[in-house]
There are 2 protein chains.
Amino acid sequence: MKNRVLVADLPKLAGKTASISGWLYKRRLLGGLNFLVVRDRTGLVQILLEDESELKKLDGLQLGTVLTVTGEVFTDDRAPGGVEIHKPQLEILTAVKDVMPIEIDKPISHKPEHHATLFENRTIGLRNTNEQLIFKIEAAVERYIREYFESHNFVNIHTPKLLAEPTEGGAEVFKMDYFGKTATLAQSPQFYKQMMVGVYERVYEIGPVYRAEPSTTTRHMSEYISVDGEMGFITQLEEVCEFLSGMINYVCEKLWSKHKSELEKLQAKPVKLTKKIPEITLAELHELYFKATNEDTRNEKDPTPAEERFASEYALKKWGSEAIYITEFPASAMKFYHRKNAKNPKVADRADLIFRGVEITTLSMRENNYQTLLSQLEAIGGDPKHPGFKHYLQAFQYGMPAHGGFGLGLERLTQKIIGLENVKEATLFPRDMQRLAP
Amino acid sequence: MKNRVLVADLPKLAGKTASISGWLYKRRLLGGLNFLVVRDRTGLVQILLEDESELKKLDGLQLGTVLTVTGEVFTDDRAPGGVEIHKPQLEILTAVKDVMPIEIDKPISHKPEHHATLFENRTIGLRNTNEQLIFKIEAAVERYIREYFESHNFVNIHTPKLLAEPTEGGAEVFKMDYFGKTATLAQSPQFYKQMMVGVYERVYEIGPVYRAEPSTTTRHMSEYISVDGEMGFITQLEEVCEFLSGMINYVCEKLWSKHKSELEKLQAKPVKLTKKIPEITLAELHELYFKATNEDTRNEKDPTPAEERFASEYALKKWGSEAIYITEFPASAMKFYHRKNAKNPKVADRADLIFRGVEITTLSMRENNYQTLLSQLEAIGGDPKHPGFKHYLQAFQYGMPAHGGFGLGLERLTQKIIGLENVKEATLFPRDMQRLAP
C-alpha cells in the first residue's frame, strides 16, 4: 500500500494518476455507464468503469470486495466528493462472493421494530457511512471530555471492575465464581474514585460499568461506558455544577467547531446552552408541573420522566438552555454516601442534570465526616467491616476533604447530542437482557 | 476554598500571606521547633509552628488531618520546596483521631514479603508521594499512547467485555449468570477490534480485560488495562512493527521531556531505544542462547523467560536498544487467526516485542481470507456457527483487507519503564487469585 492515496486527498491530485484502496460500496448502471463507489476510511469516491476487461474482474463479486483502483483523477462537480476516477485499473485484494445480509449503501433503519436486524448484523451495518459517523462523534465527545478533565488537573485513573461486594444496592449486580470465591462486577467506580480523592484530590475515569437491570427501556444497557469525575477541596455542590456546566459547554463547542459537517449529515441539531446551566429545585419543578398539567407529583422524591421532559422544555423557553439542573432533593431518599445540606438537613446536596428531556447524570457532595458516614451506612443496614465498605471507610477514617462528583454515560450523552432515539444506537455492540453477541 | 493557593504556586508569593489546604503529612520536632509538613495535590510544604495556641489545635489529632494553613510565605533554600510557611494560623477541616495503620511519610516497602501490607492498606498507602508518582506516570503513558494513535488516525472504540463465549482458549475465562444465560468476561478485544478494521481501518481501544489464570507470578493479574491497536490496508508485519516502534519511542521521548523530575524521583532509568527497534528471528535467538549458555532451547516454539532476558541484553550490547523484536515464530504454534507467511508457510507473521527483559506484546498479521480463516478455525475444533465466532467470521465473509495489530498491558509497560519488580506495583488496586479488595 506504499502508494495508496486516501479518498479525501484525491481533489489535490486532479488530472493525475492515483491509486486508492477500499471496499466496493455501491455499483450502479447510469445511462448505460457502469459506476462503482469505493469506500475507504476517509470517504467515498465514484469510479467510471468503461473498459470491458476491467469490468470482467468483478464477475461474480459482491459489495464488500476489497480492491485497489488506479486511474485518472477527474474533477466533476456532479460527483459526490467533487472528483471521480476515470480509466481505472482494478486489482482485487479480497474477493467477496456472498451477498451481504443487509444493504449498507443506504441509511440503515433505526426503527424499534428493526433493532433485531440492526444489532444482529452490526459487524456489517457499521460499515455504512452514516453509522460510522455516530461513533466518530462518540470518540470526539470522549476526546473533549478528556481534554477538559486534563486541563483542570484531574488525574486519569483505572479502578477494578471485579469486586468482592456490590457497592450499592445489591440486587442488580452480576455475580461470578472467582477462584472459589464470589466476585461481582462494578456498577460504578463510586467508592474507588472517592478513595482516590484522598490521593490526587481530582480524578476521572472513563471505563465500563455493569448493571444487571432486567429492564428493556431506551435508556438502559447492562454494560456501558461511565465517565466519572470527582473533586476534593470544594465546599458546595455549586462547584461541581459549575465544573460540569463548563465541561458540557466545552464538549459542544468543540464538536460544532470541529465536526460540523459530520453532525449535519447526522441531522444533529446544535445544542443550545447557557454558560451557566440554569437550576430549579425539585419542589419548584413539581409545582410548575402541577400548574401546567394538573398532575400532582408533589410527593415524589424524584422527577418523573414526564417532568424531566417538562423541565427541559421549561429551561429552553425560559433561559434558552437545553440543559437544566434539578436541585434540593429530599435527604430522606439520598444514598448513604451523599451529604446532607448543612443549612437544611432535610435536603441532600444533590442535583440531577437534565439534558434534552432526560437525566444524564446525578451530581452530589459526598459525606466526608467519618462518624457521620458510618452512621449513614449503618442506618441502611450496611456492615462497616464488609470488604466492600471497609477500605472505603478507611479513606475517611484517615482524612478526607469535602468533595463531590458525578458519573454519566458516554453513550447516553452522545445519543442526546446527536438526537438518537435509543442509547443502543450510540453503542457499537449493545448489551441487554437478550443480547450478548455480536 | 476560594482563596486557596496550591503548594506548587507558593514560591511566587514569597513575602506575602497565603492559605494552603491539604493533609497533615508529617510532624517533627527539630531543635525545639515544631514543624508540620502539609501535602496537597501539587506537593509538600513545611510549616514552622511556634505559637502555642495554634499548636494546641492539633492536640489529639493525627497525620491525615485535613486543614487549611494561612501564614507568611518565607523563602528558605533549606526547605524542601524552597519555601516555608511561618506564623501560621490553622483551621482544622477534617479531624483525624486514629493513627494510620501504615506510615506513609516515608517510602513504603515494595518487597514481595510486604505485598500483603502494601495492597491491604492501598487506600492510605497511595497517599505517599512516591506511590502517587507511579500512577501519574502511568496516566502520562496512557496520554501519550492516545496522542500517538490519534495522530495516526486511529479511531477510539469501546467494545463489550460481556461475551457469549470465550474468544480464545476457554479454560481461563470468568463465567457468570447473565439473565439465565452464561456470559464470560472478555480476555481481549481481539475479535472486535478486527471486526472494526472493516469499519474504520484503524482502531484502538484502552480498557480492562480479564484472565482467570490461576498463577501468581510477577507478570500476571486477573484484571488489567489492555492497550489494543489494529490497522488495515497494510501488507506485511513490518508495518505493525514500525508503528509500534514509533509509539514506544514517542511515549519514552515525551515522558523524559515532560516528566523527568518525577521519573528521577522514582529512580527510573532513561530508556535506551533506537528509532527502528532491532529484530532477530526466534531461530537466531535459540542459536545465540545455545552458544552462550550451552542450554538447548532450539525445539521451543516460544522464547523462554531466560531467553527473553538474554535477547534484551543482546540487543542492548549490539544495538544499544532495550527493546527487540523476536520474529519468525513457527506456524505450527500460532493462533488460528494469525496469518502464515506467504513466502514461508512454516512461519507465522508474528513477532514478540521484548522490552527490558520481558515480553510486553505479541504483534501479528491476521488471516484475512475468509476460507483460510474458516479452515484454520476448524483445524482447532472451533465451531463457525458459535455466537463467539459467527459475527467475527461475518466480517471476513463480506470483505476484510490485510491487517495486523497488537495488544499490550498498560501496567506492564509502565512497570518496565519505571523499573518496578512486579506489575502489581503499577496497578492501583491489583486483582489476583487472593485479592478482590480493596
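Just after helix H11 of chain A, A:Gly399 adopts a positive phi of about 100°. The structure is a predicted model, in which local features need pLDDT of at least 70 and side-chain atom pairs count only at pLDDT 80 or more, while totals for chains, interfaces and linings use all residues. Residues are numbered from 1 along each chain as its sequence is written, and chains are lettered from A and ligands numbered from 1 in the order in which they are written.

Helix H11 of chain A spans residues 387-397 and is mostly covered, with 9 of its 11 residues buried. Helices (H or I, at least four residues) and strands (E, at least two) are DSSP runs, numbered from the N terminus. A residue is buried if 20 or more other C-beta atoms lie within 10 Å of its own, exposed if 12 or fewer, and partly exposed in between, with C-beta atoms placed from the backbone. Among the buried residues of H11(A) are A:Phe389, A:His391, A:Tyr392 and A:Phe396. Their cover includes strand S7 (162-163), helix H5 (190-200) and helix H10 (370-379) of chain A, together with helix H3 (122-125) of chain B. Contact here requires that the C-beta atoms of two residues, placed from the backbone, lie within 7 Å.

## Strands and their pairing

Strand S13 of chain A (residues 323-330) is also mostly covered: 7 of its 8 residues are buried. Two strands pair if DSSP finds at least two bridges between them.

| Strand pair | Sense | Bridges | One bridge pair |
|---|---|---|---|
| S13(A) and S14(A) (residues 347-355) | antiparallel | 7 bridges | A:Pro330 and A:Val347 |
| S1(B) (residues 17-30) and S2(B) (residues 33-40) | antiparallel | 7 bridges | B:Leu29 and B:Asn34 |

In chain B, a closed barrel of 5 strands runs in the order S1-S2-S3-S5-S4, with mixed pairing. Its twist averages 50° from one strand to the next, where axes are lines fitted to C-alpha atoms, for helices over the stretch in contact, and angles run from 0 to 180 degrees between N-to-C directions.

## The loop residue B:Arg356

B:Arg356 lies in the loop between strands S14 (347-355) and S15 (358-366) of chain B. This residue counts as partly exposed because it has 19 C-beta neighbours inside 10 Å. Leaving aside residues up to four places away in sequence, B:Arg356 touches B:Ser312, B:Glu322 and B:Lys416. B:Ser321 is 35 residues from B:Arg356 in sequence, and their C-alpha atoms are 9.2 Å apart.

## Domains and assembly

The domain assignment, automatic or from a database, divides chain A into domain 1 (7-94) and domain 2 (129-426). The C-alpha centres of these two domains of chain A lie 47 Å apart.

The contact between the chains takes 75 residues from chain B and 75 residues from chain A. On the side of chain B that touches chain A, 41 residues are nonpolar, 19 polar and 15 charged. In this classification Ala, Val, Leu, Ile, Met, Phe, Trp, Tyr, Cys and Pro count as nonpolar, Asp, Glu, Lys and Arg as charged, and the others, Gly among them, as polar. The copies meet through the same surface, because 100% of the interface residues of chain B are also interface residues in chain A.
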